[in-house]
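Biologist: I would like to go through some of the terms used for this structure. Please set each one against its cut-off.

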Amino acid sequence: MMVLRSASLMIAIAIVAASVAPARAQSNVSTAPDIVHRGEYLARAGDCIACHTAPEGKLFAGGRAMPTPFGTLYSTNITPDPQTGIGNWTADQFYQMMHTGRSPDQGLLYPAMPFPSYTKVTREDSDAIYAYLKTVPPVRQQNRQHDLRFPYNNRALIIGWRTLFFNEGEYKPNAQQSAEWNRGAYLVEGLGHCGMCHTPINALGGSSESQAFQGGLIPMQNWYAPSLTNNKEAGLGDWSIKDIVDLLRTGISARGAVYGPMAEVVYNSLQYLTPEDTRAMAVYLKSIGQGSPPPKVTSNIPRTEGRLLLSLGKTVYDQHCASCHGKNGEGMPPNYPPLAHNQSIEMESAVNAIRMVLNGGYPPGTDANPKPYGMPPFGQTLSDDEVAAVVTYIRVTWGNRGVPVSAADANRLRSAPLD
Amino acid sequence: MGGPLLNRSRYIFSMAAVSAVALTTQLPGAAAQNGAQPPDTIAARVLGCAPCHGKEGEGTQDVYFPRLAGKPAGYLFNQLEAFRVGRRKYPPMNYLLEFQRPDYLRTMAEYFAGLRPPLPEPEPSVVSADLLKHGETLVTRGDYQRNIPACTSCHGQSLTGIEPGIPGLVGLRSKYISAQIGAFRYGTRSAPEPDCMQLVAARLTEQDVTAVAAWLASRPAPANLSPAAKGSYALPFACGSEPQ
């Protein structure tokens, strides 16, 4: 088995080495101010900062710990420091990394780096990001060794992963669709790397193209990234373009707000996009939302217990929730999200609803919403039974079509990591 | 305020219009957008803090959650910022503040700094009279031999803190105080260098901590809850969070 793997590794390297064009002279990449400026914008769209800058760390110097089910990865230094950063990389090498997930020494990147999405980025955009990264202050900071468990610490395994889950290739515009739709698709599927969270991830840490944007539980964070194609989850098919744009740009909308990992994306990335680009993303996202009903979900909670949950739930709701979210779950949108017909509450996974009750949350601060209203955490005031009851109540009342949740479900999420 | 307010109401009206067109009768939410909005105040925006810190930052029954009201704004801002960036580690707070802007944190800090709800009743002491006496000595006179300054030399004669960065110690429960001194000792809580509280905490024994916490929590409320003005005292040593 080992022999086979090493052999295939060598073959793979040989093939890649043969196919990579000789490095172009660096002077071929324009560092004109407008290119650098565009590169900065594109780096925002790709949310590079979220992983490549550690808390209180220097910009793009890496070192951020990223826990995965396979161990902890540490992001790398992408400042132009020649020794510890990417100062010696050529634009070709940078593009190769973005496009194929291989570093200049032909090492295979772990797919925590979203190269399966970044492969769709055009050469021109890659060069602009490269030009921008050349201009940030260089930081001398050694990359930290990844801390992966056996057998995941064997990089050769990435070859198998790539065979299963990686399709190399720049974005190909769909001639049937408008330029705006194509721009949106390019951003969502490429730099935005939305599929990294919004596509189910299997035991191998891979996500298959056939299930793109179908939603999934984010490993280690225990937040559910809802489906972007199913209108019963976060599918945006029956949202107005304005509401989608509001959500992406401001973090709040008439239909709901973003919290948890999605608040990070809006805070660091989406709020900085131009109105045109945000609109393009909205147009594309709306188009992939489908109205088809989800598979019938059944609850394994006995009917009598369900009824008890419901009556306790109403009591809890009236006492703690109704003053903001309204007697009929109408909320005060956009600042207090409506709960009636809110997809993120009705959807099959109750994880996000339970976590919001336990931990509360603030939508991200944005230009349009610099001082958000916040949801209080109730984890310390409500018991597991009360949390389960109130979440059950909001999932099945006012025409909502969710199913009851149990106290055990609520209890499990008390230990979900918050950072 | 007029500008943003106007924009906000335009925003709401246009939103209502869009919703009315786009969403059919299916959505009761659309009907509610005609008006009902939360008050445009900081008090309403920080209600997320209320279950743990009280509606006016007065604290709650939970002895591990501190009073915020009346602490100097600079101190509160430093803590909010430390939670935001993760230097002060308490996951529920880190999570809530991670994606907020420093300007907003400043506004929150000033809001709670300006409130003066009454202090809770002093905590009935469960430690011995001797230990309480030891606590009083450390708080008011320190221990010269062991190089421990009196708490009052930095936190003010009436223990209500000093503007802008030193917090009051009145109205806190003994469990919270000993947990925080412990956190300074073991490094899970830290402040900008020179980290004076880290230095002091390292010189205290377990018994000192119990004594200090018990005596502080047993104090009756002073007449004036406000922190002393900036520069009221010369600090016994340099403190990174209190620029002299």
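Biologist: Why are α15(A) and α16(A) called oblique to each other?

Modeller: This is a predicted model. In it, α15 (residues 351–359) and α16 (residues 384–396) of chain A pack at an angle of about 130 degrees. Roughly perpendicular covers 65 to 115 degrees and roughly antiparallel begins over 145, so α15(A) and α16(A) fall in the rest and are oblique.

Biologist: Which numbers describe a pair of packed helices?

Modeller: The angle between the axes and the distance between them. For α15(A) and α16(A), the axes are 10 Å apart. As for handedness, α15(A) passes α16(A) in a right-handed crossing.

Biologist: Which residues make the contact between α15(A) and α16(A)?

Modeller: From α15(A) come Ala353(A), Ile354(A), Val357(A) and Leu358(A). From α16(A) come Val387(A), Val390(A), Val391(A), Ile394(A) and Arg395(A). By class, that contact has eight nonpolar residues, no polar ones and one charged.

Biologist: What makes Ala69(B) buried?

Modeller: The cut-off for buried is 20 or more other C-beta atoms within 10 Å. Ala69(B) has 23 C-beta neighbours inside that distance, and therefore counts as buried. Ala69(B) sits in the loop between α4 (50–53) and α5 (73–85) of chain B.

Biologist: Which residues does Ala69(B) touch?

Modeller: Leaving out residues up to four places away in sequence, Ala69(B) touches Glu56(B), Gly57(B), Glu58(B), Phe112(B), Leu115(B), Arg116(B) and Pro117(B).

Biologist: How much of chain B is buried?

Modeller: Buried residues are 41% of the 244 residues in chain B. The secondary structure of chain B is twelve helices and zero strands. Among contacts in chain B between residues at least 6 apart in sequence, 68% join residues at least 24 apart.

Biologist: Where are the domains of chain A?

Modeller: The assignment gives domain 1 (27–165), domain 2 (179–288) and domain 3 (303–414). The C-alpha centres of domain 1 and domain 2 of chain A lie 22 Å apart.

Biologist: How do you know that domain 1 of chain A is in contact with domain 2 of chain A?

Modeller: Two residues are in contact if their C-beta atoms lie within 7 Å. On that count, 20 residues of domain 1 of chain A are in contact with 22 residues of domain 2. The elements giving two or more residues to the domain 1 side are α2 (33–45), α3 (48–52), β1 (65–68), α5 (115–118) and α7 (157–165) of chain A. That side divides into 14 nonpolar, three polar and three charged residues.

How values were computed. Residues are numbered from 1 along each chain as its sequence is written. Chains are lettered from A and ligands numbered from 1 in the order in which they are written. This is a predicted model: local features need pLDDT of at least 70, side-chain atom pairs count only at pLDDT 80 or more; totals for chains, interfaces and linings use all residues. Helices (H or I, at least four residues) and strands (E, at least two) are DSSP runs, numbered from the N terminus. A residue is buried if 20 or more other C-beta atoms lie within 10 Å of its own, exposed if 12 or fewer, and partly exposed in between; C-beta atoms are placed from the backbone. Axes are lines fitted to C-alpha atoms, for helices over the stretch in contact, and angles run from 0 to 180 degrees between N-to-C directions. Angles under 35 degrees count as roughly parallel, over 145 as roughly antiparallel, 65 to 115 as roughly perpendicular and the rest as oblique. A crossing is left-handed if the near helix is turned anticlockwise from the far one by less than a right angle, and right-handed if clockwise. Ala, Val, Leu, Ile, Met, Phe, Trp, Tyr, Cys and Pro count as nonpolar, Asp, Glu, Lys and Arg as charged, and the others, Gly among them, as polar. Domain bounds come from an automatic or database domain assignment.
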